[in-house]
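Please keep the structure open beside the text as you read.

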Amino acid sequence: MAGWAGGRSWITPGLLLERGNFARDVLFPDINFIPSDRRNGSREIQSVARRIREGLDITSATQPSSIGEGQIMAESNMLADRDEDFNTRYGSFRGWQMAIERVKPIPRHTARLNLSKMVMDQQLTNTAEVIDYFIARFMRVAPGTDARSMLIDFLSNEIGTTNIVEAESYMEDSLRMTLHLLLSQPEYQLS
Amino acid sequence: MKTKDLFKDKLKRREVLRKGMGALGIAGLAGSSLAPSMFGRVAEAAASAAANGKILVILELSGGNDGLNTVVPYGDDAYYRHRPEIGLPKSDLRILDDHFGLNPGMAGLEGLFKDGKMAIVHGCGYDNPSFSHFTSMAYWHTAAPNSGEEYGWVGRLADDMEPSAPANYLVNVAARQSLAVRSKSHVPVVFDQPNRFVREAFHEEKNALERVPDVGNVDNPSRRYLLDIARSANDASALVRQAWSNYNSPVDYGVNSLDLPKVVSLIDAGMPTKLYYVSYRNNAFDTHVFQNNVHRRLLTYTSDAVAAFIRDLERIGRADDVALMIFSEFGRRVPENVSLGTDHGAANAMFVVGSKVKGGHYGDLPSLTNLAEGDNLGHTTDFRRVYQTMIQGWLGHDAELGLLNGRFQPFDMFG
């Protein structure tokens, strides 16, 4: 078997964005999130389910739905119809139908965060101190000074002051956005 | 808005910004080597892609494809002597001529061969072959057999073709970056799922997240690398995602599309990319046991995806601009093993597909009776000769000597 490629190949532009998005999901849970253990994401299986509920016979309901009018069907899709002992598209649909009745949903909880309390407990007083505290707490390699200034400006602008004591009652969302920006800095990947 | 328009608008906006800043003579930016070139990059790349519209796509079949059961030399009795159990009988094959037949699963590639759009290059390999997936793949990735190279051959090719390293010149659809595309100057666009290749952010955060980090005075190499990755993500993600959401093809790619529809979506959207790299992932072709059924299926999926890719390119009117090169890190041993499979071998067939390809057989046939060490096929063609064919014959690039660590005569493969 091939082994770990090593070096820096693990981080890609695609993964960098996904990791930043994950941080956002933790800080700002998405209320539209549908767990994948409750809903099948495959358009093909969804389409079979819909057609069967609409009353189509199994052969018509399990025709591949993505192939355009007058297009050649791929050999692998033809094989699924012709050579298998059973119809795999119907099998996938039935499998999901049975699974949804049996699978216990995974309990999911949002993170319990209170960044306002976190910074007040540290007895910080201004936005620059907050950024320096976040950098020290979350980053192993500090981002550049330009990023630090950007974060201080961002937080000060969001809460309308540099004095966090004044903003204590309403700064939670602003702190979370600031932390999201910090965790989206490329340097966070070195933590 | 269509992606093409989006792309043009972005170009215009950047062009205006660039000129605007030049006209105003903003001193702050003049001190940064990065900012002005950033704005010019997309424009430069679009211009060079227009000058020679040729695009090279590389498909890697990971795991070591069994070339002998892919392009079967049914006319040679020795094949059946070496493979009494897993040898494919002539009656099952898709006959190409009086010596070769394709694996029965390969309807798509049979069609392309018979339309004269597929070249088969026999006996590709290198001296002192490695039987390790990892090592041999690294040799193919770097075009440096039995030695080492820091950068991949596709990455070095990009450096040689476009030293100014415009954005989005090199795309690798993958979960992790291939060594083949690792480049000194370019930052390859690497993504897996286009719909997830997006920075999710609130309105207030957008400006802060689009900030381009200044790599100029960073000396920590890991940090510098990450800033480059971030820049590539900024440059590419909106275009890739837009291209993918606009892409809606009626073509049937079958069970495993091998990321080729993503390539078509980007070509159709007018991305300035010249070099694309995709793979059949996860060591799929490593068929040590009971190989015939699984190998046939793997070839069917590959063949479906490649044939669909060509039809899809025809649909968008870009078939003449694209050639696809297919390789694997090694072939498999000539005699079958006791588990009805085959073990790691040496020389192998490579494929080049495209509407401008002069179809047919290339390279000398390796002998099935006079085997190389370890019961393997001896190579008759250095694999880098095929790379050279793609560089010189297809892309029309006069590569710097030493790019492939040797001098190789290209095949006359393109009409």
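Two strands are said to pair if DSSP finds at least two bridges between them. With that in mind, please note that the model discussed here is predicted, and that the strands described below belong to chain B.

- Strand S1 of chain B, which covers residues 55–61, is mostly covered, since 7 of its 7 residues are buried.
- In a regular strand the side chains alternate between the two faces of the sheet.
- From S1(B), the residues Ile55(B), Val57(B), Leu59(B) and Leu61(B) point one way, while Leu56(B), Ile58(B) and Glu60(B) point the other way, and all of them are buried.

**Partners of S1**

- Strand S9 of chain B, made of residues 322–328, runs parallel to S1(B) and is joined to S1(B) by 7 bridges; here Ile55(B) stands opposite Val322(B).
- Strand S8 of chain B, made of residues 275–280, also runs parallel to S1(B) and is joined to S1(B) by 6 bridges; in this pairing Leu61(B) stands opposite Tyr280(B).

**A sheet of three strands**

- Chain B also holds an open sheet of 3 strands, in the order S2-S4-S3, whose pairing is antiparallel.
- The edge strands of this sheet are S2 (71–72) and S3 (94–95) of chain B, each of which pairs on one side only.
- Between S3(B) and strand S4 of chain B, which spans residues 101–102, there are 2 bridges, and these two strands run antiparallel; within this pair, Ile95(B) stands opposite Gly101(B).

Key: Residues numbered from 1 in each chain as written. Chains lettered and ligands numbered in written order. Predicted model: local features only at pLDDT ≥ 70, side-chain atom pairs only at ≥ 80, totals over all residues. Heavy atoms only, no water. Buried < 20%, exposed > 50% of the residue type's maximum accessible area, 1.4 Å probe, protein only. Helix = DSSP H or I, 4+ residues; strand = E, 2+ residues; numbered from the N terminus.
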